[in-house]
Amino acid sequence: MLVDPYESGFYDYRYKPSANGYFKDAKPKSKSDLIEYDFDRSGTLKVPGDWNTQSDQLFFYEGTIWYRKSFDYERRPNTRLFVYFGAANYFADVYLNGEKIGQHEGGFTPFNFEITKLVRDTGNSLIVKVDNKRRRDAVPTLMTDWWNYGGLTRHVKLVETPATFVHDYFIQLQKGSRNRVSGWVKLDGDKHNQKITVRIPEAGISKSFTTDASGSAAIDFTADLKLWSPENLKLYDVAIEAETDQVRDQIGFRSIETKGTDILLNGRPIFLRGVCIHEEAPLRGGRAYSREDALTLLGWAKELGANFVRLAHYPHNEFIVREADRMGIMVWSEIPVYWTILWENRATFENARNQLTEMIARDKNRAAVVIWSVANETPLGDARLSFLKNLISHARSLDSTRLMSAAMERHYTDQTTQMIDDPLGEYLDVLGCNEYVGWYDGLPEKADRLEWKSKYEKPLVMSEFGGDALYGHHGDPLTRWTEEYQENLYQHQLNMLKKIPFLRGTAPWILTDFRSPRRPLPGIQDYWNRKGLISNRGEKKKAFYVMQQYYREFNAEGVR
Ligand code: GCB
């Protein structure tokens, strides 16, 4: 890899894109040749992995790094080859053997490029320029409260397929139904018209369809299925067999809907006993990317008594969503439309919409995912409302089965009344609301006096609340940063939350401490947001047990 803060491997000295950038992976051909870089004599980085936590010099780095991977690959006849990236934060330019094969914007969703024609049997040079400079017009924008971990943060794979392959499929229960499966299958390749069979052997299902001239087929059938829920972790082996390809997946079936202020899972009211999670690796710090990381984080959530997690503030890696499916934990998944996006900028909207599309594309078959969320704490205004309305209708057009939400703000109508009346609420199925009574807003006992009102007859998930505590730092309940303050804050919060008649879920902020450049206080924060119920070293703070006790008061069905 090459660290390139001035992007001189991309631009020439007149700041014009250079024809002979680092992507050529060149070597001097003679002793007189002038080449000012050499991948073979530069450092290395592990992939997957953010670069910030791999070297002290890169800890605060925001800029460009060039990755190079050399490989041999013997492609079998009549196959196609793709290079797949789980995520690259934030902007990626990808080259194979000196030629550009594509670019991608957005740090948390997968993308791939076909390399069938360019790949050679030996001596391939795959080069990726990853740039994590923050930009005002990007998603997220300049200001966030998490570390801007850069690099190839998730797995990179070569994927070989048949000439015409099963490109994608959507196999879920139809909205409002508990026995009707509907969706679609799409092929990619020249052989458009094929017979497709969807098999669910355990449910005795084998249904055939024919793809049309564009390679797509709608699927629709009824089935007697055991429904997925946190208490019944039923996943079925599903096979999608085309004439030229077949894929297998494990899919759970469940219905999720709202009725008045209730959230219904498989027709029964539930309470989302949740917790927010950042994609911060447990114990070691840095971006989480592995199955083990997912098991640790979700394991802690389970210990807390959770049946729900809010994966904040961007799509997390696929492992955690798949493990949530296996562990019976419902998921809220969101895109980084956070705080102060450029609402009036068309390109910013297109970018947000693309990240939403890619999030839904990856996780649309996961039973665990019950909520797609489009925004977090965005300021009221007309441009913002139309931006978010358009995102919501786009999401609904891609997936009509899940609930739409957003984490909103609220305001006081008098000293003791909290009002939820953000006009966005009209377009949501579930109201999300972040509040920091007792931390940014008064002292903990203030919560006791508050009454909550909503303009909408809809369920509310309190999508954030909490306060900071340094693990092992003790004092009285009014001393900031102590475990006792945080514990006291949670006690008063729960007194207040229990009195909200339309509350159907809680997701305290946050499961574990996470890195943030906004949090410098020496000896306490040291660039960590300390609102974790668990420290960055895995130690449980006192507030963890307050929340755990609250969740224990719910019965197995998740309702008090
Ligand atoms: C919020 C944000 C979250 C922050 C949190 C905090 O409202 O949504 O991203 O980290 O507050 O700790 O201030």
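Modeller: The largest pocket has a volume of about 1,500 Å³, a volume being the space filled by probe spheres set on grid points joined across faces, edges and corners. The model is predicted, so local features need pLDDT of at least 70 and side-chain atom pairs pLDDT 80 or more, while totals for chains, interfaces and linings use all residues. Residues are numbered from 1 along each chain as its sequence is written, and side-chain values use heavy atoms, without hydrogens and water.

On a 1 Å grid over the protein atoms alone, a pocket is an open set of points with protein on both sides within 12 Å along at least five of seven lines; in a cavity a 1.4 Å probe fits but cannot get out; lining residues have an atom within 4 Å of a point.

The pocket is lined by 40 residues, and Tyr84, Asn112, His167, Asp168 and Arg362 lie nearest its centre. Its lining has 16 nonpolar, 10 polar and 14 charged residues. Here Ala, Val, Leu, Ile, Met, Phe, Trp, Tyr, Cys and Pro count as nonpolar, Asp, Glu, Lys and Arg as charged, and the others, including Gly, as polar.

There are also three cavities of 30 Å³ or more. The largest cavity holds about 70 Å³, and Arg254, Glu257 and Thr401 are among its lining residues. Strands S9 (165–173) and S16 (256–259) each supply at least two residues of that lining, a strand being a DSSP run of E with at least two residues. Its lining has two nonpolar, six polar and three charged residues.

The second largest cavity has a volume of about 40 Å³. Its lining includes Trp300 and Trp528, with five nonpolar, four polar and two charged residues by class.

Notes:
Helix = DSSP H or I, 4+ residues; strand = E, 2+ residues; numbered from the N terminus.
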